Amino acid sequence: MPLLFLTGNPGIGKTTAVAKQIIDHLHEGSLLIYVSPRIQVNRDIIDNNFKDKSRLKLVSDNLICLNTNKRILDDANGGYAVEYYNNNLTEEHHIGQVKFLDARILKEKVSDFPSRLVRYADNLVQVEKRHEVGVLASLCEAIHTCIINPDLPNNIIATASMQSLKETRYGNTLKHLGRIFSSAYNSSKKPPGIIPKKMKEIASRMKNIFIMIDEITGSQEGVAFLHGVLDFVEEYDLLNPEYGFNLKVITADASLTIQDVVENHLSNNQIQGDKIFVRQVSDSIGQCLSFNDFQFLNKPATLINANSYPADKLIFNYHIFIQSLSSDNITDETFALDTKVAEKIEADILKLLDENDGQIIVYIQNKDALKQLITKISKLRPSFTLHQEYLEIHASLSDKEEAEIQKYQNTVKVVFMTASASRGLSFPQTKHILVQIPSFQIEQNLMEIIQVIYRGRGGELDQGSKYLNFYLSDKAIYYPKKVDDNGKSLSATESEKLANLSLQEACLNVLNILIILKASIMTRIMGSGEIGRKRYVIIPIGGKAISQAGETFIGILATLLRQIQKEVKKQPGDNIFKNIEQTLYELLSVQKTEISPYSQNKSLPETQEVSYLSIGFNFLSKIEISLDNLLSLPPIEKTYVRGSLLIVPLSEKLVKETNYIDLEKLLDKKRNEDFIKRLQLLVKSGKYPKQIISAAYSLIDLTRKLFSELERSQKLTQTSLSSERYYALPIQTFFSFQAFEDYFENERRIDNVSLRDILARYVSTLALAYNVLPIDSNYQNIPYVVFNSGAMDKLGKNLFNENQIFQSKEMNILNLILSQED
């Protein structure tokens, strides 16, 4: 069977089985391409499966492990480069077109990357596009180099991140898989084709090819990666028995519990948002252990389901908080739910600490709430300090933080984590897991919660009892009625009866979430969950999308600013972050975005499209006279309407981003030097997340260029063209033009949350947006954001897909599930 679909709880041994197969057949030669959404998991594959117990050497001299990322490619000035582990090779080697860098040395290396900035005038710095190879192109070229070089090992372990899959103008980056067999492919022949003799020679040196896509639903690119791999297998005819390859494409994910999920979710790579898969099943279907042969995209496939839970007994505890309020008495002060929930979690943690009955995992998505909880416990319990009694784990971890987690994970008493940190980590000493359930984005949060409850595994406690504590809160607002629909006065009894009915309806949302949560967990453990007297498979599944390759320079700095702002909240005492945040904000806060047609063809004035931004006040002035005046407007650009936003594609437009930096912000030479020193300290310290360090190199490059010219104010510009670029503005803009103008003149200065931030969060929810600009709400009258999204048009079409059922607070999702037929 060339296609294997493996499902089993984390730690059950899916990857270990593949690694053991390679180690047991080292004499045959093997290639493992391992893909997952987590960089740390990719590292663990090598450390846990292919190194000896000391973790200093690989288990065999006939092994080479390869990996690459943007930092490594920048270090190679945009050429092919990988980091490697091998027992015989050391230091740096140029083999063929590829620079092989010793991973052990690379960890300690601090590099100065080539500049992308060119000074065109004494007041103008421009970002230049430079040619550079991508992650997948470099990794595949390195694999090919190892295959054709007899002096290198013929057992190759190559790891990559799913996020390395990007869309380009010429297709997606999985086309680079063809580089692996480029020596056996005649591209000059018409039509081009495979050279059978060369393929047989490769198979004689490297018989086994395993391509493993792990946690396929854990990243939006996962399904597209699978389809790209299958296209590669077909194009190079790797299943041809004449060549002699033993090929296995292995898809692993704990969510793939039944064949229906595989066929419905993985058989097409159309862009979709997060969803919950629901299927009523008979008692004989949806078992926790099953083996099933079937056809997947006309290829023989096997699904092996081995889900379970690492405990002898699992005890569920639910803590429900509902605050009921009359619609007549709602004020900001009446909502005290968050405080009540926090107090309960705090009390439970302190009680468990006093009992000293196993390690505790606490999952809270809100980082601010988590920080407040830790602070309160620290005041009540003086010994409650970082690394002594607790760990705090978030999405972005530095190398130092990762090392500290490994060092203290078995000795601390409490592990605090957020949603993004819930994958790829194990805590064998855990006995109690406390989870605060968010009441929004239920599809995404269910996935994360199910990941969290599997973090406590891998030790002797797997043979005993474990405890899951869930905390869920919601507001139940009821609407008292004093008259009926006909205007007749209601008695006090009738009014109270209707109020109680309104209150019961408001509480349905909590009941829905609890039942779906329990059924989802039981589906993961037992294969299906029971609702009423029927059995259901309920599986939260991640969305499907591919983002476009490349991010603008100013976009990189904008992302860096947001990441630093998050770190300042997480580490309020870190003065380096505070200083960098303030200076970077000053550099980026005055920004202008210009949009112009890409095509050189001049359209007639009466047919030329105009933008909403250029219409402005003219729109309101016309409709105030008469609606038919709108007919005199020229054609308006193509627009999506999503929620309360107008979203306009910029695929045929050039977007010029300009940042203005006042001279007074550049004149303090000592401040400038201190700022650069702080950035260099951030890069070299190893204390900070890798995403921040990578972007900090771009900021160092910029500041050196800006601070080299202190005679005039400076401009930083970049012009780009992207098929995934859009701008969005509120529909209400043209009807409330004057109100917006007054707001930006006066009120915005006292708001805690800017309108720009609200728009950014809104488009992120509606369109999986990223690279959102501008930085600040320096609008004059029309609020807008410019952003990238690889899913905008496809998500819109899926609104009308008959397979999609939408949940709202007015809809009883539980009834929809129960009404489903066998």
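This briefing covers a helix pair and a sheet with a helix packed on it. The model is predicted: local features need pLDDT of at least 70, side-chain atom pairs count only at pLDDT 80 or more, and totals for chains, interfaces and linings use all residues. Residues are numbered from 1 along each chain as its sequence is written, and side-chain values use heavy atoms, without hydrogens and water.

**Helix pair H18 and H19**

- Helix H18 (residues 669–685) packs with helix H19 (residues 690–707) at an angle of about 160 degrees, their axes 9 Å apart.
- Axes are lines fitted to C-alpha atoms, for helices over the stretch in contact; angles run from 0 to 180 degrees between N-to-C directions.
- Helices (H or I, at least four residues) and strands (E, at least two) are DSSP runs, numbered from the N terminus.
- That angle makes H18 roughly antiparallel to H19 (over 145 degrees).
- On the H18 side, the contact (heavy atoms within 4.5 Å) includes Phe675, Ile676 and Leu679.
- On the H19 side, Ile693, Tyr697 and Arg704 are among the contact residues.

**Five-stranded sheet**

- Five strands form an open sheet with mixed pairing, in the order E7-E8-E31-E30-E27.
- Strands E7 (117–121) and E27 (591–597) stand at the edges with a single partner strand each, so one side of each lacks a neighbour in the sheet.
- E7 and strand E8 (residues 124–127) pair in the antiparallel sense over four bridges; pairing takes at least two bridges found by DSSP.
- Arg119 stands opposite Val125 in E8.

**Helix on the sheet**

- Helix H14 (residues 553–570) packs on the sheet and touches E7, E8, E27, E30 (653–661) and E31 (714–720).
- The direction of H14 makes about 110 degrees with that of E31.

Technical notes:
Parallel < 35°, antiparallel > 145°, perpendicular 65-115°, else oblique.
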